[in-house]
Amino acid sequence: MGNNMIAYFNGQFVSKEDVKISPDDRGFLFADGVYEVIRSYGGRLFKVDDHLSRLSRSLGELRMAPVSLAHLKTVANQVIQRNNLENEDATLYIQITRGVAPRKHPFPDIETSPTVYVSASVLPPSHGEWEKGIAVILVPDLRWGRCDIKSVGLLPNVLASQQAKERGAGEAVFVRDGVITEGSHTSFCAVFEGQLVTHPANHHILAGITRRVVLDLCVTLGIPFRESPIPERNLTGASELMVLGTTSEIVPVVRVNDWMVGDGKPGPISAKLKRAFGDLVAA
Ligand SMILES: Cc1ncc(COP(=O)(O)O)c(C=O)c1O
């Protein structure tokens, strides 16, 4: 698999290798596009409507033409089926750009069709991130002021993630004005005296779908929580830290830069959430 994947590209299902992106595509030239990553558990797309409504919001914020979410959902399920992923754990990728037009910064003609691409990948098995937890590094948040838009302009995230990799860490976590915002591709939360704390869903973070699921699970499980900024200087006082995301689900953080979180093992609230998350996915 991987070589012979079927993708959807501008109205057609084609072999992924046959997808040809124009060099004049605004996604290629300007990162003028948005995307989503949706998890498929045994062929079922998890929280697909939430992902599609976030996609629709991202399009709207960038003043791109709306798309039919019902159609996109059908396409998404088709891509899973056509790649025989009904019994696999996989991720579905959707990208929409402002289309192909001569390279000029302002929006192209109103008739320019967006480029729409949907593909799927089999998820490799996890490598014990859950059992052992991961290390993270803290890096300055050099991103723009609209991190709530899921844009394909991910250069600061790429650089931060590479830095983490080079330092043997599993994720880079951004710090803006002394406050922890989120990871390069995950949401971030901390536990202080039994209360889970995560950055408010404003322009400085992506409103993570997994973050929302975790906050809803806190309600169900009776875990107190608060959406408020976490000052970097308070981080050492946390008993547990976690990163959250569609692909990684809930991953405990056991080391930050050179210090250990709690006793260096995944904590009880992380364990509780992880179990409840598993139940939700199975349901
Ligand atoms: C910057 C950023 N924050 C948070 C997340 C987690 O969001 P979700 O749970 O919707 O996957 C992602 C996922 O890609 C991300 O890129």
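Begin by selecting Ile94, which stands opposite Val118 in strand S6. The model is a predicted one, in which local features need pLDDT of at least 70, side-chain atom pairs count only at pLDDT 80 or more, and totals for chains, interfaces and linings use all residues. Residues are numbered from 1 along each chain as its sequence is written, and side-chain values use heavy atoms, with hydrogens and water left out.

Strands (E, at least two residues) and helices (H or I, at least four) are DSSP runs numbered from the N terminus, and two strands pair if DSSP finds at least two bridges between them.

Next, display the whole sheet. It is open, with six strands in the order S2-S1-S6-S5-S3-S4 and antiparallel pairing. Its edges are S2 (12-15) and S4 (44-45), each of which pairs on one side only. Contact here means heavy atoms within 4.5 Å.

Move to helix H5, residues 155-166. Select Asn157, Ala160 and Ala164, which are buried, that is, under 20% relative accessible area with a 1.4 Å probe and protein chains only, whereas exposed means over 50% and partly exposed lies in between. These three lie on the same side of H5 because they cover an arc of only 70° around the axis, the arc being that of the directions from the helix axis to the C-beta atoms. On the other side of H5, Leu155, Leu159, Lys165 and Glu166 are exposed. The buried residues of H5 pack against strand S7 (134-140) and strand S8 (171-176).

Follow the chain onward from H5 to Gly168, whose phi is positive, near 75°. Ala169 comes next on the tour, in the loop between H5 and S8. Ala169 counts as buried because its relative accessibility is 13%. Beyond its neighbours within four places in sequence, Ala169 contacts Ala135, Val136, Ile137 and Ala164.

Finally, colour by domain: the assignment gives domain 1 (6-122) and domain 2 (129-282), with bounds from an automatic or database domain assignment. Their C-alpha centres lie 26 Å apart, and the contact takes 21 residues from domain 1 and 20 residues from domain 2.
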